[in-house]
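Colleague: I would like to go through this structure with you. Could you take my questions in turn?

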Amino acid sequence: MRLTSGAINVRANIFHTAKAITTRPHLARPYAFPVSIRYTSTMSTMSSSSVTEPHTRQPSALTFDLHGRCSASKARASTLHLPHGSVQLPIFMPVATQASLKGLTPEQLEDTSCKLCLNNTYHLGLKPGQNVLDLVGGAHKLQGWNYNILTDSGGFQMVSLLKLARVTEEGVRFLSPHDGSPMLLTPEHSMSLQNSIGSDIMMQLDDVIQTTSPDHARMKEAMERSVRWLDRCIVAHKKPETQNLFCIIQGGLDLDLRRQCTVEMLQRDTPGIAIGGLSGGEAKADFCKVVDTCTDLLPENKPRYVMGIGYPEDIVVAVALGADMFDCVWPTRTAVSEQLIHQTPYHHY
């Protein structure tokens, strides 16, 4: 793999191990300590470095099998069992924002061996809307997809649609990019929409700001609000036996805020854990420090999702730092814009 000049310099053996596990999970054992551990929601989720008095344990609709750990990095090979089938981790998840992956039919997506893709709660809440989702029986039927779906809560739109959004403790007030009509997205409404979508993994609504923001007070406010909003999401979630709610660790590039948020989120004991708020223009070294700091605190028995990364070198590094799941619109946008990605320099003859 050719790395761009902006890629962080990581030891070659870590790249080799992480790439092998990412692209060929069944070959993980030559590079990893062989283990075979199955985790379910009945097991303790507290790592030795986290708090010891969790909140009420949350129901789970997943099982997590850890198969191997890398001996040279924090990379791991595992299987995530979800309501619509099993998924090998590490995994990159393609983004079908409005229940449609641009340029591919569901059958073509299935032919790629994809078992988990993304939909976006905010956009599906606008079109086709919650009433239609309830009428057709959720997003699986809407898009003819028989495998797993993960839904982003709509929090990222606080950044991508910043000019159309205003954040308060109640929630996020958006103006529709389609017709300018108002929409108030609260933790409760986000959960209700995701329950109607029927996603196998649903994300909490979090307060997201640009990672490079110099406003430390706002960053701290967003982190603390994300914890409070998770509590509201847990209460509002109506289908925990069939849909898995993941928390999202925030805190920008401040490692102390990230540690504080991680401890708070682990107390809520959600079935999976995400690291959010990255890929916002930060330096690669800062990105890696955040992922490394968070994964150091996370328990072994839960899937770890780094949100919004899609460059191959970033995925390889994040796998080596102990993350399992990744998503980004970059591959789809690149293909739609008719760009070609290749490993070696192109020579025109």
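Colleague: What should I know about the source and the numbering?

Modeller: This is a predicted model, in which local features need pLDDT of at least 70 and side-chain atom pairs count only at pLDDT 80 or more, while totals for chains, interfaces and linings use all residues. Residues are numbered from 1 along each chain as its sequence is written, and side-chain values use heavy atoms, with hydrogens and water left out.

Colleague: How many helices and strands are there in the protein?

Modeller: The protein has 11 helices and 15 strands. These are DSSP runs numbered from the N terminus, helices being H or I with at least four residues and strands E with at least two.

Colleague: What percentage of the residues count as buried?

Modeller: Of the 349 residues, 52% are buried. Buried means under 20% relative accessible area, exposed over 50%, and partly exposed in between, with a 1.4 Å probe and protein chains only. The protein exposes about 15800 Å², of which carbon and sulfur atoms supply 54%; areas come from the Shrake-Rupley method with a 1.4 Å probe, and for residues only the protein chains shown count as cover.

Colleague: Which residues touch the most other members of the largest nonpolar core?

Modeller: They are Ile249, Phe287, Val306 and Phe326, in a core of 46 residues. Helix 7 (residues 216-236) contributes the most to this core, with 9 residues. A second, separate core has 22 residues, including Tyr39, Leu62, Leu150 and Met203. A nonpolar core is a set of buried Ala, Val, Leu, Ile, Met, Phe, Trp, Tyr and Cys residues joined through side-chain atoms within 4.5 Å.

Colleague: And what is Ile249 in contact with?

Modeller: Leaving aside neighbours within four places in sequence, the contacts of Ile249 include Met265, Ile273, Ile275, Cys294 and Leu298. Contact means heavy atoms within 4.5 Å.

Colleague: Turning to His237, is the residue buried or exposed?

Modeller: His237 counts as buried because its relative accessible area is 9%. The residue sits in the loop between helix 7 and strand 12 (244-249).

Colleague: Which side chain does the side chain of His237 make a polar contact with?

Modeller: The partner is the side chain of Asn195, at 3.3 Å. The His237 side chain also reaches the backbone nitrogen of Lys239 at 3.4 Å. A polar contact is a pair of N or O atoms within 3.5 Å; within protein, one must be able to donate a hydrogen and the other to accept it, and residues adjacent in sequence count only if both atoms are side-chain atoms.

Colleague: Asn195 belongs to helix 6. How many residues of helix 6 are buried?

Modeller: In helix 6 (residues 187-197), 8 of the 11 residues are buried, so the helix is largely enclosed by the rest of the structure. Among them are Pro187, Met191, Leu193 and Asn195. Gly198 follows helix 6 and has a positive phi, near 80 degrees.

Colleague: How many salt bridges does a search of the whole structure find?

Modeller: The search finds 18, a salt bridge being a side-chain nitrogen of Lys or Arg within 4 Å of a carboxyl oxygen of Asp or Glu. One of them pairs Asp324 with Arg76, the closest N and O atoms being 2.7 Å apart. Asp324 lies in the loop between helix 10 (312-320) and strand 15 (325-327) and Arg76 in strand 3 (residues 76-82), so the pair ties together parts 248 residues apart in sequence. Asp324 and Arg76 are both buried.

Colleague: What about Glu169; which residue does Glu169 form a salt bridge with?

Modeller: Glu169 pairs with Arg225, with the closest N and O atoms 2.9 Å apart. Glu169 is in the loop between strand 8 (165-167) and strand 9 (172-175), whereas Arg225 is in helix 7, 56 residues apart. Glu169 is partly exposed at 32% relative accessible area, while Arg225 is buried at 6%.

Colleague: Finally, which residues make the nonpolar surface patch?

Modeller: Val132, Leu135, Val136 and Leu142 make a patch of about 330 Å². Helix 3 (residues 121-136) supplies the largest share, 3 residues. Leu135 counts as exposed because its relative accessibility is 73%. Patches are made of residues with over 30% relative accessible area and no salt bridge, with like charges joined within 9 Å and nonpolar side chains (Val, Leu, Ile, Met, Phe, Trp, Tyr) within 5 Å.
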